[in-house]
Amino acid sequence: MVGLYENHHVHDNDSILKMVQPLKYAQRDIAVNIADEAVNFLEAHLNPKSTLLETTAPPPKQVKGTRGAKQPSNTSSSTVIGLRSELSSLGDMALDDKQTDDTAIDEKKADDDDDSARIAHIDEMRDWLLGKPLRLESGMYGPITAFVSYVALCVQAQRDKAGSTSGIRRLICPADKADYQPDDSDDKTRIDIGLCSMDFDDPAPTTSTRTPYHKLLAVVEAKVRSGNFKEAWPQLYGYTRQMYQAQHNLSSAWGFAICGHEVRVCHFGNDVAVSSNPMNVTTPEGRRAFIELLVDWSMCEDFQLGRDPTIVHLPDLDCWQIECPDDTSRGIDTKPRRYYFNEVVCHADHLFGRHTRCFLATATEPTIGSPLVPTVVIKDAWAFAKRSISKDVRDETKMLKKIRATLGQHIKPEDDIIYPEIVVGGRVSFVSGRKRIEDNTKAMYQGSDLADRDPDRFRVHRRIVMSQIGQRLHTLESVDEFITVVCDVMRCHNAIFKHCQILHRDISDNNILVVKLGGIARGLLIDFDCAIDTSIEKAGTTRPEMTGTLPFMSINNLSESNVTRTVLDDYESLLCLVCWLATLGIGSSQHHREGKDLEKLPIARWRKLPIGAIIEAKRIHFGTGDSLNTNIAAYFSSAKGSNGANDDPDKKMLTRFVTVLRRTLFDNHSEGVGHECRGTSKIEVPRVQSSWSVTEDDLLSDIKIDEQGTLSSVRDKTVVINPFEKRVEKCDIIVKDLLVLITTYWKLTKQRQSQPKPASQEQVETAADEDDEGKDDEDDEDDDDGKDESDD
């Protein structure tokens, strides 16, 4: 993982420390005072030979089950439970003291108890701070949690004195356990230390639990050896990805890598992880920097810690409240609409990227005891954009509004096409102080030197509400449903491009929802973040950019070539998607593979870097019909209890579907589509075959003119033909054939869904082949001439 993300990591940038400083200057002064007091107290008591203060305190309690003297127990004062108990008792003492006659004496007693608690934490971390060698990683857990708990006590002391006017928003505390697997983890990895944000009105935990990812503020990855960050980062990347997946309101994330006596804090944005210089806790300067950071975390606003203030959990109603902009075409929407949800159909499961999430929601505020009935789908994502809304030609909200208006005029009920219908949407904004701020990367990196860095990587937080309710593809029950859904999507894709000139460019499993209409599974195409409006950008599709989801990208897309991106690329993505999901297993009747089960199959090469290896694999797999069947279709999942394609009609149907789809796309034999349009690789042909639609530009590229003006041929005997480029010239013909194929399969499988008993496989194949009559023999001859390139 370190190799995969190393290009996304910026090291030794201390400007990220400024991102969490309190925004108000008065609160910054308070933060400085708290940090000064914490530093002075720590330095005065750290050296056991110091004569500045003679106060001593008993060590923190150790309970049965503690692993090593330095490891915090489940109920020690260095955990959420223990620390909350400490803070509560200290507060009660202070309250009781105010009710006594001798207030001054009792307040001094409370202060002494406060000092004793802090000194106990100093004693626990003393050896670590004084630079003594560390033998075991588990021996670091106690000192680290003690340091965090010590700062929390100093912050709490200021809060007790000044109350809510102190500007302190939260306490940063260690999780209940160290070295544990969070309850909502999707793998078996164990985190070293979790940090939590504890509000002052939060109820105290009553039992020790494995704090889940959805309750963590940050994860600490610890290594015994100083400077061993190369091993720490990959693990921290994995933990942070799980936090994104578990937390619906996480816009950016923070984490720590602590190696020996060096502490680095890391901020994770959509495109880059940025880490600080090491804070060496064996030096006063390093200890101060670490303390100042934790104090700032206690006082900064939620959005500075990566929490989206427009998504709020309502515990009494057991749901979430989310704000959605109504219209931001003229600027920030000051009165966003409120929706409510408790079901997530798409999680942000990648460390970097758009962090797309989808929620099933309703505009009706729920009440206690009444179920929440969703009526809309809300898409939440961080998309690349222009800073100026008026210049943002790839704004998904604008495209969806165009689709709604245009298809509303052209699509008739008898066309039976389902298309996305936007309700509201735009750029998200939130209130900070007395201002409403647009949520974008500039706001995310405010205070650092990253705020205005690389304008081409500028992202905005966009939220869109759509009227259709849908589920993910994994909810499909049968192959018939699956083929109906994907064919529905491409019929919609065709209508959108024909009437709106919008090219989607990201056909993938995450961008298709299953909508049930009259008991029939139908497909809805969503997520136009990667789309372009070709009526505005014209030939801008030729820009060599790579967009989409890696396993489903077309060869042309992966190559970042100057060949124009067209509808054909999206059909190729469909072919990849069908192959991928057919290999994993579709519906309840088929065996299902996990993603890791693909590793030994040829299709696994579609997601293994480098990009060049993916391109070569797809060139081979799609090169001929035999190669597709040998390397890909042969591994399609079978029905439970079957012996393979011979007695599995679903596998046979999927194999036939991808075979005909590949042939129509890469080996089309329609009138006007020549040999130069076929295949997946560039070919050299003799110049005598220049009748294969070789253009004037092709010929001129072979000619060189010397200083005397003499013409000479660079390549006298051959011309290089790029079939992808040639297919663009015949795109309309090929797309027409593809649409006939898609419509045929759509009608058949949709009909089969409504029948008590499915039609025979022979009926399906006969009908699907009607438009291909006379082509199979010619295609077989071509395949026989070509080499069967197998990955086996």
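I began with where helix α2 touches helix α7 (contact means heavy atoms within 4.5 Å). On the α2 side I listed Q27, I30, A31, I34, A35, D36, A38, V39, L42, E43 and L46; these meet P284, R287, R288, I291, E292, V295, D296 and M299 of α7. Sorted by class, the contact of α2 with α7 holds 12 nonpolar, one polar and six charged residues. Here Ala, Val, Leu, Ile, Met, Phe, Trp, Tyr, Cys and Pro count as nonpolar, Asp, Glu, Lys and Arg as charged, and the others, Gly among them, as polar.

I noted that this is a predicted model, where local features need pLDDT of at least 70 and side-chain atom pairs count only at pLDDT 80 or more, while totals for chains, interfaces and linings use all residues. Residues are numbered from 1 along each chain as its sequence is written, and side-chain values use heavy atoms, with hydrogens and water left out.

Next I checked confidence (pLDDT, the predictor's confidence in each residue, runs from 0 to 100). The protein chain has a mean pLDDT of 85, and 80% of its residues reach 70 or more. Residues 51-75 fall below 50 in pLDDT, and this stretch has 46 contacts in the model beyond near neighbours in sequence.

Last, I looked for salt bridges (a side-chain nitrogen of Lys or Arg within 4 Å of a carboxyl oxygen of Asp or Glu). The structure holds 44 of them. One joins R241 and D186, whose closest N and O atoms are 3.2 Å apart.

Key
Helix = DSSP H or I, 4+ residues; strand = E, 2+ residues; numbered from the N terminus.
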